Amino acid sequence: MADTKGIMIVGEVADGKLSATATELLGAARKIAGELKQEVIAAVIGSGVGEAAKEAVAFGADKVYVIDNPMFKDYTNDGFAGALQKLNEKVHPEIILIGQTAIGMDLAPRLAFRLGTSVTLDCVGVAIDPDTKLLQKTKPVYGGNALAVYVSEARPQMATVRVKTMEPLAADASRKGEIVSFDPGLDPASIREKVVQKVKEEVVGIKLEDAGVIVCGGRGIGGAEGFDQLKELAKLLGGALGASRPPCDSGWVPTSIQIGLTGKMVAPKVYIGIALSGSSQHQAGMSGSKNIIAINKDPEANIFGISHFGVVGDYKKVVPAFMTKCKELLAK
Ligand SMILES: Cc1cc2nc3c(=O)[nH]c(=O)nc-3n(C[C@H](O)[C@H](O)[C@H](O)COP(=O)(O)OP(=O)(O)OC[C@H]3O[C@@H](n4cnc5c(N)ncnc54)[C@H](O)[C@@H]3O)c2cc1C
């Protein structure tokens with residue numbers, strides 16, 4: 001086995017720009033690189049991704065391998081896993097970090113298989129064991145009720161990292177890094193998938209994952225009309241509307257705003273959970289929020305166990321009073 005060196009992140013690109021998740025991975029990789037005294041490498045794949053490669057340097061990469069070819073315009077598992085396999089044969093990284101995104105979740109296991117290694121999915125923490133120098137990969141288990149730490153002796157050590165769990169560095173356009181063009185020499189015929197159509201999800205207002213404030217309603221809201229009021233509160237605070245699973249399952253709100261284990265992972269500055277109990281499955285998607293506010297009529301509700309501020313009461317009374325106060329303060 002060749003000597004392995006370097007912490008490589010797979011940088012996803014959206015509309016020619018490096019994704020926010022990639023910048024978070026670079027932030028995590030920089031910390032690890034400092035401890036291992038190794039360099040941070042970014043693999044940037046797509047078509048027309050030159051600008052994204054420069055961004056990767058600004059966000060902390062020492063070296064960026066750019067795989068730029070129209071055949072990588074759309075994500076395909078065969079294409080991306082194939083290209084990264086070839087890059088691995090050249091670079092032999094010690095560690096590969098991939099985002100726990102729709103693409104990352106599809107790519108990471110197949111890439112790990114091709115590289116003859118293992119991957120730990122959905123990590124919320126990555127660190128170096130000071131004694132063994134192995135990558136410690138922390139992930140929620142048992143529906144988010146416990147955290148487990150995994151290490152692997154296989155190389156490269158691989159993990160997917162949950163969105164918004166790592167801090168990106170501030171972009172520094174004056175940072176120096178090497179940008180290298182890499183041709184994996186893939187035969188287009190080896191790509192068996194074909195993207196037939198792309199349908200963009202319509203988002204009104206701020207995207208849930210990007211929102212600084214999230215107003216999230218649960219089953220206790222009682223119906224679609226109740227969510228109109230929450231939507232108004234979210235708008236007032238410049239935030240986005242979210243929901244626990246029951247309102248989505250009941251068709252009161254679209255499933256695209258479900259937060260939790262089987263929904264979106266969020267970590268806003270302010271999360272306001274209204275009339276939801278705070279199940280472990282829901283917490284799996286929001287416990288990283290910086291300030292958690294709970295409104296629930298049951299003082300024993302689980303959500304109060306993790307909230308920083310709590311109001312015990314009927315949301316139908318609490319929310320209108322809260323909105324009046326917010327309007328008053330915002331008008332000042
Ligand atoms: C495999 C699996 C995956 C899952 N994934 C997810 C997921 O991704 N996200 C998710 O959210 N759930 C998920 N669930 C479901 C989860 O287990 C819970 O059932 C769900 O989170 C409960 O939603 P809730 O808190 O809105 O409802 P409930 O637990 O029914 O809580 C409703 C709350 O509203 C309060 N309430 C009622 N009326 C009022 C009022 N007028 N004013 C104030 N408070 C009021 C009640 O006191 C209660 O605490 C998953 C379950 C499984 C098994």
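View 1. The model is predicted, with local features requiring pLDDT of at least 70 and side-chain atom pairs counted only at pLDDT 80 or more, whereas totals for chains, interfaces and linings use all residues. Residues are numbered from 1 along each chain as its sequence is written, and side-chain values use heavy atoms, with hydrogens and water left out.

View 2. A polar side-chain atom of T262 is 2.6 Å from a ligand nitrogen atom, while a polar backbone atom of R245 lies 3.0 Å from a ligand oxygen atom. For G263, a backbone N or O atom is 3.4 Å from an oxygen atom of the ligand. Taken alone, the ligand exposes 980 Å², of which the protein buries 75%, with areas computed by the Shrake-Rupley method and a 1.4 Å probe. The ligand takes up the space of the second largest pocket, a pocket being an open set of points, on a 1 Å grid over the protein atoms alone, with protein on both sides within 12 Å along at least five of seven lines; a molecule sits in a pocket if more than half of its atoms lie within 2 Å of its grid points.

View 3. Most residues other than glycine have a negative phi, and most peptide bonds are trans. The peptide bond from R155 to P156 is cis, with omega near -10°, and P156 is in the loop between β10 (146–150) and β11 (157–161). H92, in the loop between α3 (77–91) and β6 (95–99), has a positive phi near 50°. K133, in the loop between β8 (125–128) and β9 (135–141), also has a positive phi, of about 65°. H92 is partly exposed at 26% relative accessible area, and K133 is partly exposed at 41%, where buried means under 20%, exposed over 50% and partly exposed in between, using a 1.4 Å probe and protein chains only.

**View 4. The side-chain contact of T101.** T101 is placed in the loop between β6 and α4 (102–115), and T101 is buried, with a relative accessible area of 12%. The side chains of T101 and E12 make a polar contact at 2.5 Å, meaning a pair of N or O atoms within 3.5 Å in which, within protein, one must be able to donate a hydrogen and the other to accept it, and residues adjacent in sequence count only if both atoms are side-chain atoms.

**View 5. Two lysines in helices.** K90 belongs to helix α3 and is partly exposed at 48% relative accessibility; K90 and P184 are 94 residues apart in sequence and 9.6 Å apart in space, C-alpha to C-alpha. K231 lies in helix α5 (residues 224–236) and is partly exposed at 48% relative accessibility; K231 and I45 are separated by 186 residues in sequence and by 38 Å in space, C-alpha to C-alpha.

Terms used: On a 1 Å grid over the protein atoms alone, a cavity is a set of points where a 1.4 Å probe fits but cannot get out, and a pocket is an open set with protein on both sides within 12 Å along at least five of seven lines; lining residues have an atom within 4 Å of a point. Helices (H or I, at least four residues) and strands (E, at least two) are DSSP runs, numbered from the N terminus.
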